[in-house]
Amino acid sequence: MGLLWALLQLPKVQTFAAHKAANYLSSKLDVPVTINYVEIDFWNRLVLKELYIEDLNQDTLIYLGELNIEVDQLDFSDKKVAVSVRLIQPNAKTYKLKNDSIFNHQFLIDYFASSDTSATKSEWDFKLNGIQVSDGSYSYHDFNRTKQEYGVDYFHIATDSIQLLAEGFTFANDTFRLDLNQLSVKEQSGFNLKQLAAKAKIYKGVFDLKDLNIVTGQTNVKGSYTMKADNFSDYLDYNNKVRMNGDLHSTVVYIRDLSYFVPQFLGIENEVFIDGKVEGTVANLRANDLQLLSLIHISEPTRLLSIS
């Protein structure tokens with residue numbers, strides 16, 4: 001028994017076992033599943049390198065350059081465990097093919113979905129202390145939808161250079177909270193989010209962001225900002241179905257940055273300085289106690305805000 005335990009400490013043995021597990025999963029899913037390297041320091045650390053899972057269309061579903069899980073707390077008497085997670089070069093693809101209504105990842109969900117209703121809830125208290133993502137990428141496509149010519153297309157999203165640093169995760173009463181210290185990402189449309197930081201609360205179609213700081217292009221948004229929808233699927237029609245409520249201060253909005261989400265603003269190059277409150281949808285934005293300073297020159301009539 002002691003010899004077996006000693007062998008299990010060796011990365012080569014751990015990697016061999018991981019290869020066997022990947023081959024088993026590959027045979028069950030009928031797609032390639034590979035892992036290059038595994039190292040486990042029991043009760044302290046897990047390192048997994050080069051995980052690859054293919055979808056049924058022989059395309060990449062998930063690739064992970066490295067997963068690093070640090071065990072920050074492990075208390076057997078109180079049944080508590082806390083971890084920090086780092087993902088290096090994660091890449092995921094989600095899509096529906098033309099004339100198909102099922103996403104490419106559905107087979108994986110179906111496999112892991114449990115039909116065992118007798119399973120009991122774990123008594124362990126699990127906590128995620130923090131998560132860090134380096135050089136990530138993600139794409140989402142619904143090929144039943146025509147791709148728009150300009151701007152962020154919510155049915156055809158492709159991002160790269162994702163950097164994320166978040167901590168303070170809690171989940172209670174269907175409400176998810178976290179401290180988002182850093183999020184940056186580039187989108188295929190040309191939109192470049194250089195910095196997003198906020199104290200976030202997410203629940204029932206709502207994203208509530210306090211101590212907000214957004215930097216993108218020449219735009220810098222500061223204050224608080226809430227997005228509300230009847231359900232999360234409404235965010236696919238953001239301009240019409242998502243209600244916004246912002247209390248902004250010392251905010252500078254470069255109209256060209258905004259045009260990635262409101263293409264009608266394309267061609268307007270100047271800045272707007274904002275102090276005050278805004279609410280409504282993108283399609284019908286209202287203002288209250290709002291101070292605007294703009295040097296915009298518009299060659300033809302254009303409604304920027306519907307102010308009541």
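In the largest nonpolar core of this predicted model, which holds 57 residues, Leu212 and Tyr238 touch the most other members. Such a core is a set of buried Ala, Val, Leu, Ile, Met, Phe, Trp, Tyr and Cys residues joined through side-chain atoms within 4.5 Å; buried means under 20% relative accessible area, exposed over 50% (1.4 Å probe, protein chains only). When residues up to four places away in sequence are not counted, Tyr238 is in contact (heavy atoms within 4.5 Å) with Tyr154, Tyr225, Met227, Met244 and Val282.

The model is predicted: local features need pLDDT of at least 70, side-chain atom pairs count only at pLDDT 80 or more, and totals for chains, interfaces and linings use all residues. Residues are numbered from 1 along each chain as its sequence is written, and side-chain values use heavy atoms, with hydrogens and water left out.

The protein has five helices and 13 strands, taken as DSSP runs (helices H or I, at least four residues; strands E, at least two) and numbered from the N terminus. Of its 308 residues, 37% are buried. Among contacts between residues at least 6 apart in sequence, 46% join residues at least 24 apart.

Within helix H2, the buried residues are Gln14, Thr15, Ala18, Ala22, Leu25, Ser26 and Leu29. These residues lie on the same side of H2, because they cover an arc of only 115° around the axis, the arc being that of the directions from the helix axis to the C-beta atoms. Lys12, Phe16, Tyr24 and Ser27 are exposed on the face of H2 turned away from its buried side. After H2 comes Asp30, with a positive phi near 65°.
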